[in-house]
Amino acid sequence: MAERKRQLVSNELTEAALQLLARKGFDAVTVDEIVTTAGVSRRTFFRYFASKEDVVVQFLADMGVGIHAELAARPADERPSVALRHAVWVPLAACGDHSERVLPVVRLILRTPALRARFLEHQAQWGDDLTGEVARRLGRDAGVDLYPRLAAGMALCAFDAVLQRWSDSDGVEDPAELTDRAFAVIAPALDAPEAQGPAGRRRRGGGLRSSPGLASSRDV
């Protein structure tokens with residue numbers, strides 16, 4: 001019960017802070033305004049976050065956790081392009097499903113230099129995590145083989161491209177369609193047998209709708 005209450009307070013603080021920051025701009029918002037909006041004390045805020053920037057950082061960290069967890073849960077015999085597309089689709093689907101609430105936050109992160117820098121820092125960690133997971137799935141040594149890191153990098157590059165395009169379109173463009181288009185571009189490199197090695201040549205699986213057998217993001 002205590003943990004659920006703590007999580008509830010954290011969620012309410014995060015939501016209040018992100019919406020306030022997105023509406024007024026990062027530099028214009030103070031911690032005092034956040035706690036007033038959330039209806040908590042400064043002491044409560046600092047029990048959960050060290051600064052207003054940490055609220056956004058936690059939002060980014062949660063996105064990375066979702067991507068890694070989804071990749072780890074995908075069937076072992078899926079092609080890399082399919083497994084990675086499903087993995088990056090987790091946060092992108094959340095963006096599309098809650099665009100009115102999430103779009104201002106995404107714009108805030110992408111258009112605020114300090115937050116954009118933190119976003120890139122987190123993506124470096126996401127890249128390391130995905131590299132290790134790709135290597136594990138394919139039985140490859142990420143310390144020797146370039147493929148796992150290149151595959152992780154391509155997937156995150158596609159994620160970036162979709163997020164930026166969706167933000168630039170003011171949420172008009174469909175994240176599912178954008179994700180399909182992005183992975184249609186990189187799928188041939190991700191699934192090339194020579195890139196994956198003997199394990200890759202034995203694998204079979206679905207993929208994007210633009211390639212035979214590939215599933216659309218809409219079908220996730």
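The following legends describe close-up views of a predicted model.

**View A. Crossing of helices α1 and α2.** Helix α1 spans residues 2-24 and helix α2 spans residues 31-38. Their axes come within 9 Å and cross at roughly 125 degrees. Angles from 65 to 115 degrees count as roughly perpendicular and those over 145 as roughly antiparallel; α1 and α2 are therefore oblique to each other. The crossing of the two helices is right-handed.

**View B. Residues in contact between α1 and α2.** On the α1 side, the contact is formed by Leu13, Ala16, Ala17, Leu20 and Lys24. These residues meet Glu33, Ile34, Thr37 and Ala38 of α2. Sorted by class, the contact comprises six nonpolar residues, one polar residue and two charged residues.

View C. Two cavities of 30 Å³ or more are present in the structure. The second largest cavity holds about 40 Å³ of space. Helices α4 (52-73) and α6 (99-111) each contribute at least two residues to the lining of this cavity.

**View D. Lining residues of the second largest cavity.** The lining consists of Phe59, Leu60, Met63, Cys95, Val106, Ile109, Leu110, Phe119 and Leu163. By class, the lining of the second largest cavity has nine nonpolar residues, with no polar and no charged residues.

Terms used. Residues are numbered from 1 along each chain as its sequence is written. This is a predicted model: local features need pLDDT of at least 70, side-chain atom pairs count only at pLDDT 80 or more; totals for chains, interfaces and linings use all residues. Side-chain values use heavy atoms; hydrogens and water are left out. Axes are lines fitted to C-alpha atoms, for helices over the stretch in contact, and angles run from 0 to 180 degrees between N-to-C directions. Helices (H or I, at least four residues) and strands (E, at least two) are DSSP runs, numbered from the N terminus. Angles under 35 degrees count as roughly parallel, over 145 as roughly antiparallel, 65 to 115 as roughly perpendicular and the rest as oblique. A crossing is left-handed if the near helix is turned anticlockwise from the far one by less than a right angle, and right-handed if clockwise. Contact means heavy atoms within 4.5 Å. Ala, Val, Leu, Ile, Met, Phe, Trp, Tyr, Cys and Pro count as nonpolar, Asp, Glu, Lys and Arg as charged, and the others, Gly among them, as polar. On a 1 Å grid over the protein atoms alone, a cavity is a set of points where a 1.4 Å probe fits but cannot get out, and a pocket is an open set with protein on both sides within 12 Å along at least five of seven lines; lining residues have an atom within 4 Å of a point. Grid points are joined across faces, edges and corners, and a volume is the space filled by probe spheres set on the points.
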